[in-house]
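User: I'm new to this one and would like a close look at a single part. Could you walk me through the charged side chains that pair up?

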Amino acid sequence: KRRSGVEGGVGLTELISLHPENTSKDYLSTGLINLGYRYQPINSGFLFRVYWNASFTPVRVTYSIPLPGVSLGYSFK
């Protein structure tokens, strides 16, 4: 029943890299973190979000630059 709120999430993506010069495979796990704000009026399908997204690779200890984003859309009831 609220019009707005904070959104958050975490995820994990498995990546497989094939090397063309040999048959070996590299496996890599990348973590994702999302944090944002969502606005959706009660009587309208309009949807607006602003968020921040970052990824990290724990094994190789690498981090990406946190990226902001904006979403506009329509939600069905």
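How many salt bridges does the structure hold?

Analyst: Let's start with what you're looking at. This is a predicted model, where local features need pLDDT of at least 70 and side-chain atom pairs count only at pLDDT 80 or more, while totals for chains, interfaces and linings use all residues. Residues are numbered from 1 along each chain as its sequence is written, and side-chain values use heavy atoms, leaving out hydrogens and water.

Now the pairs: the structure holds two salt bridges (a side-chain nitrogen of Lys or Arg within 4 Å of a carboxyl oxygen of Asp or Glu). In one, R38 meets E7 at 3.2 Å, N to O. That pair links distant parts of the chain, with R38 in strand β2 (residues 25-39) and E7 in strand β1 (residues 4-18), 31 residues apart. Strands here are DSSP runs (E, at least two residues), numbered from the N terminus.

In the other, E7 meets R49 at 2.9 Å, N to O. R49 sits in strand β3 (residues 46-57), 42 residues apart from E7 in strand β1. Because they share partners, the salt bridges join E7, R38 and R49 into one network.

How covered are these side chains? R38 is partly exposed, at 28% relative accessible area. E7 is partly exposed too, at 23%, and R49 also comes in at 23%, again partly exposed. Partly exposed lies between buried, under 20% relative accessible area, and exposed, over 50% (1.4 Å probe, protein chains only).

For the setting, the protein chain has five strands and zero helices (a helix would be a DSSP run of H or I, at least four residues). Buried residues make up 14% of its 77 residues.
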